[in-house]
Amino acid sequence: MNDDTSLAKLVDLLSAGIATPHQVCLSMGDCRFRIVTNSENLAREMTTYFGPFLKSAADADITITALQAEVPELGLSFQVKQPDPGKTKIKEEWADVAGGRVIRKRLTGMHFLFGKGRNLAVGDCEANPNQVVNFINNRFIERNLNDGCLLAHAAGVAVCEAGMAMAGFSGMGKSTLALHLVSKGVTFVSNDRLMISPGTPAPVMFGVAKHPRINPGTALHNPDLTGIISPEDTVRFQSLSPEELWSLEHKYDALIDQLFGSDRFILQCPMRYLVLLNWHRDGSPTRIGEIDINERHDLLDAFMKDTGLFFTAENGYAPTAEDYAKALRGCRVFEISGGVDFDQAAAGCLRLLEST
């Protein structure tokens, strides 16, 4: 087989003779998903993970097949996806074929095929359910971007019809701040990605059905999250210095519906506020001030997000900083600077949300 082959032929080859008796149906806003699989274990995992978005079986806008199966050598000439800035490990490679794209994960050997309505995840899905979750969510992101949204690197929360996005350069703690706010009663919208659609009087933000994956430092400083770490690990992490705990990467899934309730995760609301984290661990007072984003494109960079390999544009998607600034019209923008203080920042954000 060579790169002249089509995505349709590859999907048919990899799916041949494999029955998919298990299905999970989801509703993400106005987009309906059907995930079909040959693995009862994977179906159970997806049912638990996507609990807030389950729906009864019906017609689907997007169908995804996930197969627990060996992947034969496909004979494709894969290209390496270079690591993102600040990273060193090569994680993915891809090959574009007629009608779509094939992505291979180097570490797990999982393959993802998509294009022209065909979506297939194949490999050891049971050992890598998070990669299947990401593939499903990436289909949702692609649909929204091809409908005119812009992709943002941000967390999101909401109170009634007032949504707030939170962004910051890597390690600033947007997810931690979002979870502090959820502990104060606000609704969760997204952990790490938002899609922004211009609107009047405010833009609309669309979240992603991805639960936060948090480090021990986030869990140990929020009483609502401490239960996700075992007692043994809690003792071990509590022995670390504040600097060691801040930089420790050891991810835990924080399932919003199980921690806070099934009605605390939504995927769409008007975006009234954008908060940009630009603070430092220097012990200085935390400051919250409104800014004109048209004069602070240095901070806008933290909000803009590249699409990555799991997106193929139907509409020439290539937004500029000016496009993002225009999309934010009707949304008040604040910078949080000074020293890191999540309690003070959460209190300030909550005052804004409740004043709307």
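This is a predicted model: local features need pLDDT of at least 70, side-chain atom pairs count only at pLDDT 80 or more; totals for chains, interfaces and linings use all residues.
Q: How many salt bridges does the count come to?
A: Side chains of opposite charge can pair when their charged atoms come close. With a salt bridge taken as a side-chain nitrogen of Lys or Arg within 4 Å of a carboxyl oxygen of Asp or Glu, the count comes to 17. One of them pairs Asp30 with Arg143, whose closest N and O atoms are 3.5 Å apart. Asp30 lies in the loop between β1 (22-28) and β2 (31-37) and Arg143 in helix α3 (residues 129-146), so this pair ties together parts that are 113 residues apart in sequence. Helices (H or I, at least four residues) and strands (E, at least two) are DSSP runs, numbered from the N terminus.

Q: Which parts of the chain does the salt bridge of Asp253 and Arg213 link?
A: The side chains of Asp253 and Arg213 meet at 3.0 Å, N to O. This pair links distant parts of the chain, since Asp253 is in strand β16 (residues 252-253) and Arg213 in strand β15 (residues 213-214), 40 residues apart. Asp253 is partly exposed at 29% relative accessibility, and Arg213 is partly exposed at 30%.

Q: How much space lies in the second largest pocket?
A: Rolling a probe the size of a water molecule over the atoms shows where empty space is left. On a 1 Å grid over the protein atoms alone, a pocket is an open set of points where a 1.4 Å probe fits, with protein on both sides within 12 Å along at least five of seven lines, and lining residues have an atom within 4 Å of a point. The second largest pocket holds about 360 Å³ of space, a volume being the space filled by probe spheres set on the grid points, which are joined across faces, edges and corners.

Q: Which residues lie nearest the centre of the second largest pocket?
A: Of the 17 residues that line this pocket, Gly115, Lys116, Gly117, Glu142 and Glu314 lie nearest its centre. The elements that give two or more residues to the lining are β3 (62-68), β7 (111-115) and α3, and α3 gives the most, with four residues.

Q: Where do Lys116 and Cys160 lie, and what is the phi of each?
A: Most residues other than glycine have a negative phi, and most peptide bonds are trans. Lys116, in the loop between β7 and β8 (118-123), has a positive phi near 50° and is exposed at 78% relative accessibility. Cys160, in the loop between β10 (155-159) and β11 (162-168), has a positive phi near 55° and is exposed at 69% relative accessibility.

Q: Which residues does a cis peptide bond join?
A: A cis peptide bond, with omega about 5°, joins Thr200 and Pro201, and Pro201 lies in the loop between β13 (194-197) and β14 (204-206).

Note on methods
Residues are numbered from 1 along each chain as its sequence is written. Side-chain values use heavy atoms; hydrogens and water are left out. Buried means under 20% relative accessible area, exposed over 50%, partly exposed in between (1.4 Å probe, protein chains only).
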